[in-house]
Amino acid sequence: MFKLMTVIVPSGQGDAIYQAAKDAGAPGGTIIPGRGTAPSSVLSLLGFGDSSKEILLTVVPENVEAAVREEIIEECQKKKGRAGVLFTIDTNAFIKSGSKSNFSLEEKSMPNNNSYQMINVIVNKGYAEDAMAAARSAGAGGGTVVGGRGTAKEGDEKFFGVEIVPEKEMLIILAPNDKAPAVVEAIQNLECLSKGGSGVIFTATANDFSLLGKK
């Protein structure tokens, strides 16, 4: 079992937070730029605000989750004021490129027939559109692409045990439970993901899915 650990901190702190996570056993990660949008009253509680942020995403094995969390918290305590927020999400599957892992949903991952899977694909820059095209061919409706960067420094050679390309793209797709396995398989079989280190896929159950706007 793996956990998706998400850490939102002020811009410029992502690398230090990742290094703390790595020291505690996190195998790799992706940093995505963002900005806070909350009012000051919420800022005082959550550490959000109208300022630049960095979002660290790292998928960690369940057996090191507590150690990684503790190390991140300790690192954040060195900062002045509120450093950010941290939360984890259970992942139903974690697949590295170049592997042939089979993805199927267990009964516990399917609370009702209307449930969706959030399929997350992190690939080297330039391949998100290929992944989306494959997903559509398997029944996915659409997705969202955000830019990011790997967490390696100059001189590092490995990310999840394979070669690093710093610039990343993250594709987020919501697919119905009955279509999710086919979508994951279609993406996994892409030629651009046949080489180890070219991407990872992880999924999580998306609860209370609703379409916004007028019907």
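1. A friendly start with a cavity: the lining of the second largest cavity has four nonpolar, four polar and one charged residues. Here Ala, Val, Leu, Ile, Met, Phe, Trp, Tyr, Cys and Pro count as nonpolar, Asp, Glu, Lys and Arg as charged, and the others, Gly among them, as polar. Please keep in mind that this is a predicted model, where local features need pLDDT of at least 70, side-chain atom pairs count only at pLDDT 80 or more, and totals for chains, interfaces and linings use all residues. Residues are numbered from 1 along each chain as its sequence is written, and side-chain values use heavy atoms, with hydrogens and water left out.

2. The residues that line this second largest cavity are Ile95, Lys96, Ser97, Gly98, Gln188, Leu193, Gly199, Val200 and Ile201. Strand S5 (93-96) and strand S9 (199-206) are the elements that give two or more residues to the lining, and S9 gives the most, with three. The space inside is about 40 Å³. A cavity is a set of points on a 1 Å grid over the protein atoms alone where a 1.4 Å probe fits but cannot get out, and lining residues have an atom within 4 Å of a point.

3. Just after H4, Gly139 has a positive phi of about 115 degrees.

4. Ala26 deserves a look too: this residue sits in the loop between helix H1 (14-23) and strand S2 (30-35) and is buried, at 5% relative accessible area. Leaving aside neighbours within four places in sequence, Ala26 is in contact (heavy atoms within 4.5 Å) with Tyr18, Ala21, Thr58, Val60 and Val68.

5. Finally, a search of the whole structure finds one aromatic pair. Phe2 and Phe94 form this tilted pair, 4.8 Å centre to centre with 50 degrees between the planes. Ring centres within 6.5 Å make a pair, and planes under 30 degrees apart count as stacked, over 60 as edge-to-face and the rest as tilted. Phe94 counts as buried at 16% relative accessibility.

Definitions and conventions
Helix = DSSP H or I, 4+ residues; strand = E, 2+ residues; numbered from the N terminus. 1 Å grid on protein atoms, 1.4 Å probe; cavity = no way out; pocket = protein on both sides within 12 Å on 5 of 7 lines; lining within 4 Å. Points joined across faces, edges and corners; volume = space filled by probe spheres on them. Buried < 20%, exposed > 50% of the residue type's maximum accessible area, 1.4 Å probe, protein only. Phe/Tyr/Trp six-rings, centres within 6.5 Å; stacked < 30°, edge-to-face > 60°.
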